[in-house]
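This briefing describes the fold, the core, the ligand surroundings and the confidence of one model. The structure is shown first, and the points follow by topic.

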Amino acid sequence: MATAYPFARPLYVMAKPAGPLCNLRCQYCYYLEKQHLQPPFVSPEVEGIKASPRGGMEGAVLEQYIRDYIQVQQMPDVLFTWHGGEPMLKPLSFYKQAVRLQQYYGRGKRISNSIQTNGLYLTPEWCQFLHDEGWLVGISIDGTKEQHDAYRLDAQGKGTWERVMNGIKLLNEYGVEWNAMATANHHNAQDPMAFYHFFRDELKCKFLQISPVVERIKEHSDGRHLAQVFDEDCPIAPFSIRPEEWGHFMCAIFDEWVRHDVGEVFVQLFDATLAGWMGAEPGVCVYAEECGHAAVMEHNGDVYSCDHFVFPQYKLGNIRTHGLPQMLYGTKQNNFSRLKKEALPRQCRECLWLKACHGECPRLRFLHTADGEPGLNYLCAGYRIFFQHVAPYMDYMRQELLAGRPASGVMRLF
Ligand code: SF4
Ligand code: SF4
């Protein structure tokens with residue numbers, strides 16, 4: 001595999017220690033079905049590593065990942081992200097070992113860790129560890145009890161909101177730093193103010209990431225129900241947010257935020273949009289010009305182009321047999337990254353909002369444009385509503401920033 005532009009950008013590989021396994025059965029989850037893709041989810045290249053999803057990542061894979069990941073970094077800071085599935089299905093001892101290995105192989109680097117969890121397994125012991133090691137916790141929660149329990153169910157079909165809230169309470173008691181990761185779906189999109197007020201006023205959340213849920217249905221003989229990115233003509237899953245819902249949902253939240261909370265509450269889409277207005281990097285791949293500076297490593301060491309492209313076609317190799325630079329700066333990943341820009345339909349290339357949207361994520365580009373060109377993002381109509389609505393405020397905030405004043409000056413307009 002040819003290697004192009006080595007070390008031209010930071011190298012980031014998120015790890016999935018428990019693979020696709022999870023204690024919950026959220027109805028919209030795209031990752032649970034990965035258990036079917038490669039039964040028994042053991043990489044064919046790796047002889048002797050019996051990494052079944054029941055046990056998750058084994059010590060040899062963990063050590064190689066930590067050693068290689070630190071070794072290839074050109075920057076002084078190294079970020080580890082533990083993701084899932086549910087990463088807390090691995091015991092705390094696994095993460096204590098990870099910290100020991102990070103210290104051993106650290107070579108003077110500044111190492112930080114974040115873990116994305118549904119929060120149900122948080123205990124005092126876990127919280128003490130997270131606090132002492134300074135880990136950042138991302139908690140998945142979809143709003144009020146009524147909003148969250150619409151789709152975020154356990155294996156018995158029961159709602160999980162109260163247990164998540166208990167986890168958040170524990171995090172607060174132990175002074176653990178945490179952020180909220182919410183989805184916007186067909187249910188909670190109906191009440192954006194209940195959603196936003198819950199995060200701002202009840203959780204006192206300062207950083208909020210909102211991801212639109214969009215999946216399509218395709219029944220497979222092995223029990224999977226969701227379509228893959230390249231499947232065509234599949235109906236939208238009922239829990240998916242519709243394009244106009246997405247636009248109006250984010251506009252309603254923006255209107256509240258821009259009057260009261262600029263500089264106090266950070267909503268990822270608003271930050272990314274302002275970055276687009278400023279001509280800066282948005283900090284999140286879906287609004288960036290190119291994809292893919294964030295690969296994922298499954299529990300067995302297999303590395304894929306992106307969390308949303310964990311399909312055999314997008315496998316870059318295995319950490320036991322391939323070097324990380326070879327996989328991440330190689331032709332296959334470079335082609336994957338560039339395709340986001342190169343495959344844009346003309347409607348996007350000529351769009352007024354391209355600077356902030358960039359056609360959003362390629363996994364959702366399954367529509368055709370008005371003149372029949374493929375590759376239009378399913379949420380385009382929603383983004384057009386949103387960008388049109390926020391444009392005057394973004395113009396104003398841009399001017400403030402260029403004049404050396406804080407963007408929060410926009411609140412004086414009201
Ligand atoms: S496919 Fe989507 S999620 Fe993956 S890197 Fe590209 S923009 Fe990001
Ligand atoms: S708003 Fe629509 S047309 Fe414009 S860049 Fe985004 S997806 Fe493309």
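The protein has 13 helices and 12 strands, where helices (H or I, at least four residues) and strands (E, at least two) are DSSP runs numbered from the N terminus. Its radius of gyration, taken over C-alpha atoms, is 21 Å, close to the 22 Å that the globule rule gives for 414 residues, so the protein is as compact as a globular protein of that length. The globule rule is 2.2 Å times the number of residues to the power 0.38. This is a predicted model, in which local features need pLDDT of at least 70 and side-chain atom pairs count only at pLDDT 80 or more, while totals for chains, interfaces and linings use all residues. Residues are numbered from 1 along each chain as its sequence is written, and chains are lettered from A and ligands numbered from 1 in the order in which they are written.

**Overall fold**
- Along the principal axes, the C-alpha atoms fill a box of roughly 60 × 50 × 50 Å.
- Of the 414 residues, 43% are buried; a residue is buried if 20 or more other C-beta atoms lie within 10 Å of its own, exposed if 12 or fewer, and partly exposed in between, with C-beta atoms placed from the backbone.
- Among contacts with a separation of 6 or more, 70% join residues 24 or more positions apart; a contact requires C-beta atoms, placed from the backbone, within 7 Å.

**Nonpolar core**
- The largest nonpolar core has 105 residues, and those with the most contacts inside it are Val13, Tyr65, Val137, Ala295 and Val303. Such a core is a set of buried Ala, Val, Leu, Ile, Met, Phe, Trp, Tyr and Cys residues joined through C-beta atoms within 7 Å.
- Helix 13 gives the most to this core, with eight residues.
- Beyond four places in sequence, Val13 touches Tyr69, Ala295, Val296, Met297, Val303 and Leu324.

**Ligand 1 and His308**
- The residues surrounding ligand 1 (C-beta atom, placed from the backbone, within 6 Å) include Cys285, Cys291, Cys306, His308, Cys361 and Arg363.
- This shell divides into seven nonpolar, two polar and two charged residues; Ala, Val, Leu, Ile, Met, Phe, Trp, Tyr, Cys and Pro count as nonpolar, Asp, Glu, Lys and Arg as charged, and the others, Gly among them, as polar.
- His308 lies in the loop between strand 9 (302-304) and strand 10 (315-318), and counts as partly exposed with 19 C-beta neighbours inside 10 Å.
- Apart from neighbours within four places in sequence, His308 is in contact with Cys361 and Arg363.

**Ligand 2**
- Ligand 2 has Cys348, Cys351, Cys357 and Cys380 among its surrounding residues. Helix 11 (346-349), helix 12 (354-357) and helix 13 (380-402) are the elements that give two or more residues to this shell.
- Helix 13 provides the largest share, three residues.
- Seven nonpolar, three polar and two charged residues form the shell around ligand 2.

**Helix 6**
- Pro192, Phe195, Tyr196, Phe198, Phe199 and Arg200 are buried in helix 6 (residues 192-202).
- These buried residues pack against helix 4 (145-148), strand 5 (178-184), strand 6 (207-212) and helix 7 (243-260).
- Lys204, which follows helix 6, has a positive phi near 55 degrees.

**Confidence**
- The mean pLDDT (the predictor's confidence in each residue, from 0 to 100) is 91, and 93% of residues reach 70 or more.
- Residues 1-8 stay under 50 in pLDDT, and the model has 17 contacts for them beyond four places in sequence.
- Residues 39-53 also stay under 50, with 37 such contacts.

Definitions and conventions
Contact = placed C-beta atoms within 7 Å.
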